[in-house]
Amino acid sequence: MSAGQHIPLGQAIPDSLHAVSVSIPTMADVIGYEEKRPATIQKLKAGYPRFVLHTCLREIEAHWKRLFDTPEHSIWLTSSESMAKRLQNHLAPAPSKLVKHRGVSGLRIPTDADLDQKAKSYLQHVGGFLSGRQAEDYLVAEGLRDAAEPEPLFAGEDAAAAILETLSPLLDTETSSIVLSNTGMNAFFAAFEAVRSIQSPRGRSSWIKIGWLYTDTMHILDKLSGHDAANVELLDIFDLDQLEQALLERGDRIAGIVTEAPTNPLIQTMDLERIRKLATQHGVYLLVDPTVASPANVNVEPYSDIIINSLTKYAGNEGDVMLGAVAVTDQCPDKDAILNFIKNDVEPPYARDLARIAYQLPAYAELVGTVNQNTAEVVAFLKSHPKVKAVHWAKEKRSRSNFQKIARHPDAIGGLISFEVKADFGAFYDATPLPKGPSFGMKSTLLCPYIFLAHYSLVNTEEGLKTLEKAGITPELMRLAVGDEPVSEIISALKQGLDS
């Protein structure tokens, strides 16, 4: 795909039934998407599968309503029967019925806007939706689709083993200590539940969040920690005196610390060495997600008890498969118990998803290398342009030394940049001829107004704007996920937007 192009609203990025991104090319489209305006939503052919229900899942729901003669009910299709039971417990005491047909499970509930939203949000947060490929295969088996869309798959006998062999040196953990999950979000949820299983009996139910975490990570911690949890949010990753003080005051009630290194969207890296020492001192688990820069670029194993990685990014570099991994390091307390819990609790990936990502893995290292080079050149261009106010990237001065501690080599950067423009934010976005949509770590460059897409509720209230300000984030922050196109195309497109 060429970087210098406008893609129509709603077109899948890439052009695949299982694409994880979708074109949202103007600010009017972004607002229409977030406010669920019919004129916008009806044009969407795809979307990030945890946020936009996959078309094959919608087809199964319609089929089941006919099959079971329940048109007045909603059906939420889940990644497994156990996930359907989790959803049932979450929605209780609302009436519901477990449904299973041809190996596909779901929960049937009375159609109600609030109840449907509660079901959708839960499955989104914990990564509990049925795989799009499994849904596609079900529809073929039912005679509702002629055949699965053709796509190249891993030709070997054991796709999971091939993936684990690739991940082992990247996560610096033996393959037996890595567990694959259907999504990166479910990988985090399984790790969260595993730590809770150990820490809750000890009276430790609260969590510390360091930095601006991914939206569903925050939702899991805030909504599912339990009624007695009193979570701590430390938005300034450089003020670790706050962390030390919080642990001194309530360390015996803290289950774990969660952070991303680097963070998203400001691409900052904290002093993981100091956080590691404090976590050990107070008996707290440290969960670290290195997805933003890719574990091919950074090594967080020396500082982590548990590593969470979304394989949808960089590993799934064609942008058409959801998968995650969680690794339990050798220094993790109660390692065997934690690992066994995760293995038994995680939502396993669907076989064809494994085969698809295993096919893409040989391109992983080359993609990361190209993206590192492209990112360095794009940063240099943005810093030199008079209409760019600020550029946030992995080697930004304030956190450069912390990043270098975890960087695998001098050229390590990663593909995410965030920047602020002096010109009109919306006009720049509309005028820039780049693919525009959520996600990153793809061969395709993606531009998005990150806060509007990920935290739209915060840009519409005074309280929300104060929260963003406290985190040092402007609502007009533009996030660029750099791809492997010729860097001249990416820079030319950005220049066109800035100069327009």
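Analyst: **Strands and their surroundings**

Strand β14 (residues 416-421) and strand β16 run antiparallel and are joined by four bridges. Strands (E, at least two residues) and helices (H or I, at least four) are DSSP runs numbered from the N terminus, and two strands pair if DSSP finds at least two bridges between them. The model is a predicted one, in which local features need pLDDT of at least 70 and side-chain atom pairs count only at pLDDT 80 or more, while totals for chains, interfaces and linings use all residues. Residues are numbered from 1 along each chain as its sequence is written, and side-chain values use heavy atoms, with hydrogens and water left out.

Within this pairing, F419 faces M478 of β16. Strand β15 (residues 446-448) also pairs with β16, in the antiparallel sense and over three bridges; here L447 is opposite L480. Strand β16 (residues 478-481) is covered on both faces, with M478 and L480 buried on one side and R479 and A481 buried on the other. Buried stands for under 20% relative accessible area, exposed for over 50% and partly exposed for values in between (1.4 Å probe, protein chains only).

C448 has a relative accessible area of 2% and is therefore buried. C332, at 5%, is buried as well. With a disulfide taken as a pair of cysteine sulfur atoms within 2.5 Å, the count is zero.

Another group of strands forms an open sheet. Its seven strands follow the order β6-β12-β11-β10-β9-β7-β8, and their pairing is mixed. The edges are β6 (178-181) and β8 (232-234); each has a single partner strand, so one side of each lacks a neighbour in the sheet. Ignoring direction, neighbouring strands of this sheet are turned by 20 degrees against each other on average. Such angles are taken between N-to-C directions of axes, which are lines fitted to C-alpha atoms (for helices over the stretch in contact), and run from 0 to 180 degrees.

β6 and β12 are antiparallel and share four bridges, and L180 stands opposite A325 in β12. Strand β11 (residues 306-310) is also antiparallel to β12, with five bridges between them; I306 is placed opposite V328. Five of the five residues of β12 (residues 324-328) are buried, so this strand is largely enclosed by the rest of the structure.

I257 has L286 of β10 as its bridge partner. Helix α11 (residues 272-281) lies across β7 (206-210), β9 and β10, at about 150 degrees to β10.

The loop between β9 and α11 holds I267, which is buried because its relative accessibility is 2%. Leaving out residues up to four places away in sequence, I267 touches P262, V292, H392, W393, A394, S399, L416 and S418, where contact means heavy atoms within 4.5 Å. I267 and Q5 are separated by 262 residues in sequence, and their C-alpha atoms are 26 Å apart.

Strand β5 (residues 104-110) contains S105, which counts as buried at 4% relative accessibility. Apart from its neighbours within four places in sequence, the residues in contact with S105 include W64, L77, T78 and V99.

Turning to the helices, seven of the 10 residues of α9 (residues 215-224) are buried. They are T215, D216, T217, M218, I220, L221 and L224. After α9 comes G226, with a positive phi near 115 degrees.

Helices α5 (residues 113-126) and α8 (residues 184-199) have axes that come within 6 Å and cross at roughly 85 degrees. They are therefore roughly perpendicular to each other; that class covers 65 to 115 degrees, with under 35 roughly parallel, over 145 roughly antiparallel and the rest oblique. On the α5 side Y122, Q124, H125 and V126 meet M185, N186 and F189 of α8. The residues of this contact comprise four nonpolar, three polar and no charged. Here Ala, Val, Leu, Ile, Met, Phe, Trp, Tyr, Cys and Pro count as nonpolar, Asp, Glu, Lys and Arg as charged, and the others, Gly among them, as polar.
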